[in-house]
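The entries follow the order in which I looked things up.

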Amino acid sequence: MTQDPVLSIHVIHGELRGDSYRFTESPVTVGKGEDCDLRIDAPHISRRHGHFELTEDGNWDYVDDCSTNGSVHVVGSRRRILHNRDQPTRVPLEAGDRLQLAEWVAQVEFEFVAESGTSFASPTTSQIVARST
């Protein structure tokens, strides 16, 4: 039996490029605000742009929190614009999905930790480039 998946965010373009982040608790707020868990101090990023949320069924979603410029969910060559100034827009995440917030682009992965303490990563983790120095 495994615990809830750990969210891994690998920044592949823009502010913080080459950095990776791991989150175990939900929600994970994203934006340029001082109180955000993942702070991106870049033009066209809202103070509270969006957040990652662990659902009751143990999956992670991304929610655009009515940001000024929206977010883009990328799966392969498909792009879905998440932008509604009146209500948050939610999208379920799969390993390898990418999110674009202005010039910032990140790939999401999941790590599962068994009760024994053994961890294993989602299948596409091998595609991730190591953190730049």
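**Entry 1. Strand E9**

Which residues of E9 are on its covered face, and which on its uncovered one? I am working from a predicted model. I found Thr89 and Val91 on the covered face of E9, with Arg90 and Pro92 on the uncovered face. In a regular strand, side chains alternate between the two faces of the sheet.

I then looked up the partners across the sheet. E6 and E9 run antiparallel and are joined by four bridges. Opposite Arg90 in E9 I noted Val63, and opposite Thr89 I noted Asp64.

**Entry 2. The sheet around E9**

I traced the open sheet that contains E9. Its five strands come in the order E4-E3-E5-E6-E9, with mixed pairing.

For the protein as a whole I recorded twelve strands and zero helices.

**Entry 3. Salt bridges**

How many salt bridges are there? I counted five. Side chains of opposite charge can pair when their charged atoms come close.

I started with Arg90, since I already had E9 open. The side chains of Arg90 and Glu53 form a salt bridge, 3.2 Å from N to O. Arg90 sits in strand E9 (residues 89–92) and Glu53 in strand E5, 37 residues apart, so I logged the pair as a link between distant parts of the chain. Arg90 has a relative accessible area of 38% and is partly exposed. Glu53 is also partly exposed, at 24% relative accessibility. I noted a network of salt bridges that links Glu53, Asp61 and Arg90.

Next I looked up Glu111. Its side chain meets that of Arg22 in a salt bridge of 2.9 Å, N to O. Glu111 belongs to strand E11 (residues 104–113) and Arg22 to strand E2 (residues 20–23), so this pair ties together parts that are 89 residues apart in sequence. The cut-offs are under 20% for buried and over 50% for exposed.

I also checked Asp65, which forms a salt bridge with Arg48; their closest N and O atoms are 3.1 Å apart. Both residues are in loops: Asp65 between strand E6 (60–64) and strand E7 (71–75), Arg48 between strand E4 (38–39) and strand E5 (50–54). They are 17 residues apart. Asp65 is buried at 18% relative accessibility, and Arg48 is partly exposed at 40%.

**Entry 4. Ser71**

I moved on to Ser71, which I found in strand E7. Ser71 is buried, with a relative accessible area of 1%.

Which side chains make polar contacts with that of Ser71? I noted Tyr62 at 3.0 Å and Asp64 at 2.6 Å. Asp64 is the residue that I had logged opposite Thr89 in E9. Leaving aside neighbours within four places in sequence, the contacts of Ser71 include His49, Arg80, Ile81, Leu82, Gln100 and Leu101.

**Entry 5. The nonpolar core**

Which members of the largest nonpolar core touch the most other members? The core has 23 residues, and I listed Leu7, Ile9, Phe52, Tyr62 and Trp104. Tyr62 had already come up as a polar contact of Ser71. Nonpolar side chains tend to be buried together in soluble globular proteins.

I looked up which elements give two or more residues to this core: strand E1 (6–13), strand E3 (28–31), E5, E6, strand E10 (98–101) and E11. E11 gives the most, with four residues.

For Ile9 I listed the contacts beyond four places in sequence. Among them are Asp19, Tyr21, Phe23, Leu38, Phe52, Trp104, Ala106 and Val108.

**Entry 6. Totals**

Last, I wrote down the overall values. The protein has 133 residues, and buried residues make up 45% of them. Of the contacts between residues at least 6 apart in sequence, 41% join residues at least 24 apart. The accessible surface comes to about 7800 Å², and 46% of it belongs to carbon and sulfur atoms.

Key. Residues are numbered from 1 along each chain as its sequence is written. This is a predicted model: local features need pLDDT of at least 70, side-chain atom pairs count only at pLDDT 80 or more; totals for chains, interfaces and linings use all residues. Side-chain values use heavy atoms; hydrogens and water are left out. A salt bridge is a side-chain nitrogen of Lys or Arg within 4 Å of a carboxyl oxygen of Asp or Glu. Buried means under 20% relative accessible area, exposed over 50%, partly exposed in between (1.4 Å probe, protein chains only). Two strands pair if DSSP finds at least two bridges between them. Contact means heavy atoms within 4.5 Å. Accessible areas come from the Shrake-Rupley method with a 1.4 Å probe; for residues, only the protein chains shown count as cover. A polar contact is a pair of N or O atoms within 3.5 Å; within protein, one must be able to donate a hydrogen and the other to accept it, and residues adjacent in sequence count only if both atoms are side-chain atoms. A nonpolar core is a set of buried Ala, Val, Leu, Ile, Met, Phe, Trp, Tyr and Cys residues joined through side-chain atoms within 4.5 Å.
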